[in-house]
Amino acid sequence: MKKIHLFSIFVFFLCSFIKFDLAPIDVNESTLKVGGLSEEVLYYGFAEGDQIIFSFEEVNGKELKEVEILEMPSSSKFMDYKTTKIDNKIINVTRTGIYKFRFSNSAVAGRVCKFKIQRIPASDQTKDFNTSVYWKTIYDTTYTPVQEKYLVSSDTSSSLIIDQLAKVSSQNALNGNPNRTVVDFDLPANTISWSYYIGVGTEGQKEFDRASSQFLSSAAGVAMKIPGGAMAALALYGMNYFKQVGGADNVKYDFITDWPNVQAFMAGQTYYQYKQGDVINDASQMKKPLQGKVYLGLYNDNITDPIEVTVKVNAITVLQNWGTRTIQKMNVNSHEEAYLKN
């Protein structure tokens with residue numbers, strides 16, 4: 001009885017040191033084409049204690065530059081160079097994780113590869129381990145100090161840049177003066193819009209005075225903070241208080257593009273203009289041009305009588321004051337991260 005008892009104890013301890021391996025479980029067995037000058041990558045998960053069995057063969061017996069197995073994120077467990085075949089390479093898995101199988105081809109022509117990946121679990125508890133790898137997007141937010149320009153203040157002002165009574169002779173003037181004249185003016189820097197008023201004789205002047213008085217007595221005139229009256233309101237907001245009036249004399253006017261065309265206008269030749277009219281009086285807001293010299297051509301088609309033309313131009317300018325400050329610029333980067341569902 002004593003001998004039997006001792007034998008049972010010996011068998012118990014012997015069994016505790018013997019590992020009865022389970023049958024290999026197929027993870028993937030497939031054919032993979034690796035294009036010229038490229039690589040293909042596969043990802044699988046393995047449980048702690050697993051043994052990975054990896055086999056590979058290039059179908060046509062051609063070399064593949066690199067075959068590598070890495071434990072993620074970057075621990076290389078096996079690499080073979082310029083290989084055509086690998087038989088049952090075994091890799092022991094020391095901890096649960098994701099493994100990367102990399103097939104790299106440096107040739108111009110593609111390579112067709114057969115491979116087989118198996119796992120031998122350490123115990124029945126990990127036999128049903130899910131080897132599938134899943135991916136999620138991770139967003140990383142960082143902040144970088146950058147210099148930014150910002151508007152400190154914006155000052156709007158109005159200025160009457162032309163207030164002139166232009167005399168234009170008749171077609172048959174005895175003094176020989178031409179029945180054409182040009183009024184020119186320079187738009188101030190930072191002009192955003194401007195307005196003009198043209199009026200012939202006393203009728204034109206009276207209409208300007210009437211519109212100015214009406215504006216000053218209106219709610220808009222009381223509320224407007226910048227000087228300039230009806231001309232400023234027209235230039236800045238397009239509010240036109242000027243009415244068309246009747247009268248004995250008219251004037252033909254053109255806003256002419258440049259000096260060569262001014263000379264053509266004065267010579268009675270063909271010229272280019274960007275706005276024209278045949279009026280007793282006229283007023284309008286102008287959005288262009290906004291810089292440089294402006295030419296206004298006036299033409300009197302009356303055979304015997306000269307005319308006097310009231311010309312007024314009002315410009316709106318905006319002076320912006322800019323400063324610099326430091327702000328934190330948000331940078332959002334994303335990357336894909338592999339994970340297991342076990």
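The largest pocket in this predicted model has a volume of about 150 Å³. Here a pocket is an open set of points, on a 1 Å grid over the protein atoms alone, where a 1.4 Å probe fits, with protein on both sides within 12 Å along at least five of seven lines; the volume is the space filled by probe spheres set on the points, which are joined across faces, edges and corners. Lining residues, meaning those with an atom within 4 Å of a point, include Glu29, Phe56, Asp87 and Lys116. By class, six are charged (Asp, Glu, Lys or Arg), three nonpolar (Ala, Val, Leu, Ile, Met, Phe, Trp, Tyr, Cys or Pro) and two polar (the others, Gly among them). At least two lining residues come from each of β1 (25-34), β3 (51-58), β6 (85-92) and β8 (111-120), strands being DSSP runs of E with at least two residues, numbered from the N terminus.

Residues are numbered from 1 along each chain as its sequence is written. Local features need pLDDT of at least 70, side-chain atom pairs count only at pLDDT 80 or more, totals for chains, interfaces and linings use all residues, and side-chain values use heavy atoms, with hydrogens and water left out.

Elsewhere, four strands make up an open sheet in the order β10-β15-β12-β13, paired antiparallel; pairing takes at least two DSSP bridges between two strands. β10 (180-187) and β13 (273-279) sit at the edges, each pairing on one side only. From one strand to the next, the twist averages 20 degrees. Antiparallel β10 and β15 (residues 292-299) are joined by eight bridges, and Asp186 has Lys293 of β15 as its bridge partner.

Key: Axes fitted to C-alpha atoms, helices over the stretch in contact; angles between N-to-C directions.
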